[in-house]
Amino acid sequence: MTDPVALLQEYIRIDTTNPPGDCRGAAELLCRTLRGGGLYPVTFGAKPEKPNILCHVGGTEEPGLVLIHHMDVVPARAEEWSVPPFSAEVRDGFMYGRGTVDTKGLGAAHWCAALRASREGILRRKLFLVANADEEVGGGEGAEYFVRNLPTPIGEAYGLNEGGVGVTDIFGGGGKFFLLNMWEKGPVWMQLSAAGRAGHGSRPSAKDAPARLSRAMARVAEFREQPRLTEPVREMLRVLREKGFVDLDVDAMRGGPAEAEALEALAEKFPEIDPLLRNTYAITMLNAGFKPNVIPSSAAGTVDARIVPGEEPEAVAGRVQALVADLDVSVEVLFAERPNGSPMGPLYGAMEKAILSIHPDAVVVPYMSTGFTDSRFFRSIGIPT
């Protein structure tokens, strides 16, 4: 029987920091574990150091289930940690290490549950295990490559991936909430740039590139669009109203100023809902200059916008461009994805039933994540995830 703690410790201790995102050691561990359980995983990838894993665990009926996680992790600065980030140290009942949550812990859970199901011979529907590389830098050489180059068809199936969470400190507290991530906002990463003449710091001008960029970035940071209802948020609010956590009746709303006012009041009461009601714009990087007394000839900054369903990345970038047009600042889209999601259906019902069997006092809520995951690639080939 595979020990999940031992498996996760060994998994964490393999450094898969992305960049560079070398997942060969992690893939070897995961495949060795599956082969030890009598299974036959397949690996394939865009590059040798970016392998992806697919394994049919068992079962013959459809729709099946695909358990998805990614092997790569974001960088960790050792000086910011109380333990070495790849030590997988266990302390007071917790394991500490980069990837424990995002998402090697999820992968270890998937692997151990699937191996047990295989060993006990309980699978009727098809069950697949998937581990992808490259998620932390967009997934182009990971899940995107995976879905476009499947060595064997998966068939009709549902997917389970990262993104959901169980929490107690939202919607006024007073309960356990399990948020099932049915939708994701879309990212639009933009670079704002200004160019001009270089000069001495003793003779500044309002036309200097850093000055214009600073004013442009301030406008974007303060830009707050009107709230709006999208179908994923309607679904969430219907459940919360049914459970008695909100009073707002979304099916009685008809748009206009009254709706906007009601949504603003809701966001003020529950700040965690605010980013689900509108596009958001975060200043993430600034770059200008090389010497304290020199005004540089160029300046640039990046904005991470997250957009709601119904929005197009090009239209959002166009609004940002219009916002800063008088400052002679250009806007370039670096990366963009449309919002994506899956309908509430049999998988949602099965998840709710499973959660309530363990936490009968919990509230299960359909949710739209403000982040984005590899789920969008599986949804693109018809796998609700």
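Author: The account below begins with the sheet, continues with the helices beside it, and ends with some other parts of the chain.

The model is a predicted one. Within it, four strands make up an open sheet, and their order across the sheet is 12-14-10-15. The pairing is antiparallel. The edges are taken by strand 12, residues 280-288, and strand 15, residues 330-336. Each of these two has a single partner strand, so one side of each remains without a neighbour in the sheet. From one strand to the next, the twist averages 20°.

Strand 14 covers residues 298-307 and pairs with strand 12 in the antiparallel sense over eight bridges. Two positions illustrate this pairing: leucine 286 stands opposite glycine 301 of strand 14, and alanine 282 has aspartate 304 of strand 14 as its bridge partner. Strand 14 also pairs with strand 10, again in the antiparallel sense, over ten bridges. There, serine 298 in strand 14 is the bridge partner of alanine 195. Of the ten residues of strand 14, nine are buried, so this strand is largely enclosed by the rest of the structure.

Helix 8, residues 313-324, lies across strand 10 (186-195), strand 12, strand 14 and strand 15. Its direction makes an angle of about 155° with strand 15. Helix 8 also packs with helix 5, residues 209-222, at an angle of about 130°, and the two axes are 9 Å apart. Angles over 145 degrees count as roughly antiparallel, and 65 to 115 as roughly perpendicular; helix 5 and helix 8 are therefore oblique to each other. The crossing of helix 5 past helix 8 is right-handed. At this meeting, Ala216, Arg219 and Val220 of helix 5 are in contact with Val320, Leu323 and Val324 of helix 8.

Elsewhere in the chain, the largest nonpolar core holds 28 residues, of which Leu30, Leu34, Ile53, Met71, Trp111 and Leu129 touch the most other members. Two or more residues each are supplied by helix 1 (4-12), helix 2 (24-36), strand 2 (51-58), helix 3 (104-120) and strand 6 (125-132). Helix 2 gives the largest share, six residues. Beyond its neighbours within four places in sequence, leucine 129 is in contact with several residues, among them Leu34, Ile53, Val57, Leu67 and Trp111. Another core, of 25 residues, lies apart from this one and includes Ile170, Leu248, Leu266 and Ala267.

Some details of the backbone complete the description. Most residues other than glycine have a negative phi, and most peptide bonds are trans. The bond from asparagine 18 to proline 19, however, is cis, with omega near 5°, and proline 19 lies in the loop between helix 1 and helix 2. Glutamate 62 and proline 63 are likewise joined by a cis peptide bond, with omega about 0°; proline 63 belongs to strand 3, residues 61-70.

Aspartate 134 has a positive phi, near 75°, and is located in the loop between strand 6 and helix 4 (143-148). Its relative accessibility is 4%, so aspartate 134 counts as buried. Phenylalanine 171 also has a positive phi, about 50°, in the loop between strand 8 (165-167) and strand 9 (176-184). With 3% relative accessibility, phenylalanine 171 counts as buried.

Terms used:
Residues are numbered from 1 along each chain as its sequence is written. This is a predicted model: local features need pLDDT of at least 70, side-chain atom pairs count only at pLDDT 80 or more; totals for chains, interfaces and linings use all residues. Side-chain values use heavy atoms; hydrogens and water are left out. Two strands pair if DSSP finds at least two bridges between them. Axes are lines fitted to C-alpha atoms, for helices over the stretch in contact, and angles run from 0 to 180 degrees between N-to-C directions. Contact means heavy atoms within 4.5 Å. A nonpolar core is a set of buried Ala, Val, Leu, Ile, Met, Phe, Trp, Tyr and Cys residues joined through side-chain atoms within 4.5 Å. Buried means under 20% relative accessible area, exposed over 50%, partly exposed in between (1.4 Å probe, protein chains only). Angles under 35 degrees count as roughly parallel, over 145 as roughly antiparallel, 65 to 115 as roughly perpendicular and the rest as oblique. A crossing is left-handed if the near helix is turned anticlockwise from the far one by less than a right angle, and right-handed if clockwise.
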